[in-house]
Amino acid sequence: MKTFSATPADIEKKWIVIDAEGVVLGRLASIVATRLRGKHKATFTPHMDMGDNVIVINADKVQMTGKKRDENFYWHTGHPGGIKSRTKAQILEGAHPERVVFQAVKRMLPGNRLSRAQLTNLRIYAGAEHPHAAQAPEALDVKSMNKKNTRV
């Protein structure tokens, strides 16, 4: 028996939409990262972009356990003394709350060229509306997968 290795002709991409309202951030990010890489498929090939196109809506209503809302995201401007930080709560209440979900998903993927290409298949929206109705995305109910996925 030979090991199956997918070619670009074998790849079939679907569109899925995930509602992040009330879902715990880390659990949501791990599910989205799995879908982006394509590890949920039986034909998974590590060096190919096998993943689905993922749409995340209601990113501003994502939940966190414990004191994670008060934890900081850090970045450096490149100048001496240029370390900056902002809490997750400040980002969620700011102009771009979808950045919290994006960073969580990005950090669950390997740091290589393929994962950066796979991140282009991720679309995150703060509200409930998205402009991808023409692609007929299937809804993926993350809340019903496990009772620990939600936080009330």
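In which kind of crossing, left-handed or right-handed, does H1 pass H3? The crossing is right-handed, a label given when the near helix is turned clockwise from the far one by less than a right angle, with anticlockwise being left-handed. A word on the basis: this is a predicted model, where local features need pLDDT of at least 70 and side-chain atom pairs count only at pLDDT 80 or more, while totals for chains, interfaces and linings use all residues. Residues are numbered from 1 along each chain as its sequence is written, and side-chain values use heavy atoms, with hydrogens and water left out.

Helix H1 spans residues 25-37 and helix H3 residues 98-106; they pack at an angle of about 60°, with axes 8 Å apart. H1 and H3 are therefore oblique to each other. On the H1 side, the contact (heavy atoms within 4.5 Å) is made by Leu-25, Leu-28, Ala-29, Val-32, Ala-33 and Leu-36, and on the H3 side by Val-100, Val-101, Ala-104 and Val-105. Ten of these residues are nonpolar, with no polar and no charged ones.

Next, look at the loop between H1 and strand E2 (53-57), where Lys-41 sits. Lys-41 has a relative accessible area of 19% and is therefore buried (under 20%; exposed is over 50%). Beyond its neighbours within four places in sequence, Lys-41 touches Glu-12, Lys-13, Met-50, Gly-51 and Asp-52.

Finally, find Ser-144 in the segment after strand E6 (138-140). Ser-144 counts as exposed because its relative accessibility is 55%. Its side chain makes a polar contact with the side chain of Asp-141, at 3.2 Å (a pair of N or O atoms within 3.5 Å, one able to donate a hydrogen and the other to accept it).

Technical notes
Axes are lines fitted to C-alpha atoms, for helices over the stretch in contact, and angles run from 0 to 180 degrees between N-to-C directions. Helices (H or I, at least four residues) and strands (E, at least two) are DSSP runs, numbered from the N terminus. Angles under 35 degrees count as roughly parallel, over 145 as roughly antiparallel, 65 to 115 as roughly perpendicular and the rest as oblique. Ala, Val, Leu, Ile, Met, Phe, Trp, Tyr, Cys and Pro count as nonpolar, Asp, Glu, Lys and Arg as charged, and the others, Gly among them, as polar. Buried means under 20% relative accessible area, exposed over 50%, partly exposed in between (1.4 Å probe, protein chains only).
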